[in-house]
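Subject: Structure handover

Hi there,

Here is the structure I promised to pass on to you. Have a look at it first, and then read on for what turned up.

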Amino acid sequence: MASIQDLKKDVNTVLSSVIDECTIEQLSADDKKSQQLEKIIDESIEVFDTIIEKINQKKVENRAKHLKAVKNELQENANRLLEKIAKL
């Protein structure tokens, strides 16, 4: 199991990439699409906050299993957000 610090770095890297993709798309987007991308950025920030909060939970039964579930949740959310960007 990777360290908690590495997991937090992964969260930051993955969700920063999603936000960067939205920002790049905004450069050539019209106002409507730009507003939709802004919502995806806001959703990415919410996901970041939620994931970090879950990583910092100390009182869980099986810490390793909990962190693995958090990592899977990160991957699912990142894929979902990237799919939303691709559909625009």
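Predicted model: local features only at pLDDT ≥ 70, side-chain atom pairs only at ≥ 80, totals over all residues.

K84 and E43 join their side chains in a salt bridge, with 2.7 Å from N to O.

What else does E43 form a salt bridge with? The partner is R80, and the closest N and O atoms of that pair are 2.3 Å apart. Here again α2 and α3 are involved: E43 belongs to the former and R80 to the latter, so the pair ties together parts that are 37 residues apart in sequence. Taken together, E43, R80 and K84 are linked in a network of salt bridges.

R80 has a relative accessible area of 31%, which makes it partly exposed. K84 is partly exposed as well, at 34%. As a general point, side chains of opposite charge can pair when their charged atoms come close.

The structure holds 4 salt bridges. One of them is formed by the side chains of K54 and E73, at 2.8 Å from N to O. K54 is in helix α2 and E73 in helix α3, so this pair ties together parts that are 19 residues apart in sequence. Both ends are partly exposed: K54 has 26% relative accessibility, and E73 has 22%.

Now for the overall layout. The protein has 3 helices and 0 strands, and its elements run α-α-α from the N terminus on. Along the principal axes, the C-alpha atoms fill a box of roughly 50 × 15 × 15 Å. Of the 88 residues in the protein, 26% are buried. Among contacts with a separation of 6 or more, 67% come from residues 24 or more positions apart.

How do α1 and α2 run relative to each other, and at what angle do they cross? Helix α1 covers residues 4–26 and helix α2 residues 31–55; their axes come within 9 Å and cross at roughly 175°. Angles over 145 degrees count as roughly antiparallel, and α1 and α2 are therefore roughly antiparallel to each other. Sorted by class, the contact of α1 with α2 has 16 nonpolar, 5 polar and 4 charged residues.

Which residues of α3 are buried? They are H66, L67, V70, L74, N77, A78, L81 and I85. An α-helix has 3.6 residues a turn, so residues three or four places apart point the same way. As for what covers the buried residues of α3, α1 and α2 are included.

Best wishes

How values were computed
Residues numbered from 1 in each chain as written. Heavy atoms only, no water. Axes fitted to C-alpha atoms, helices over the stretch in contact; angles between N-to-C directions. Helix = DSSP H or I, 4+ residues; strand = E, 2+ residues; numbered from the N terminus. Parallel < 35°, antiparallel > 145°, perpendicular 65-115°, else oblique. Nonpolar A, V, L, I, M, F, W, Y, C, P; charged D, E, K, R; others polar. Buried < 20%, exposed > 50% of the residue type's maximum accessible area, 1.4 Å probe, protein only. Contact = heavy atoms within 4.5 Å.
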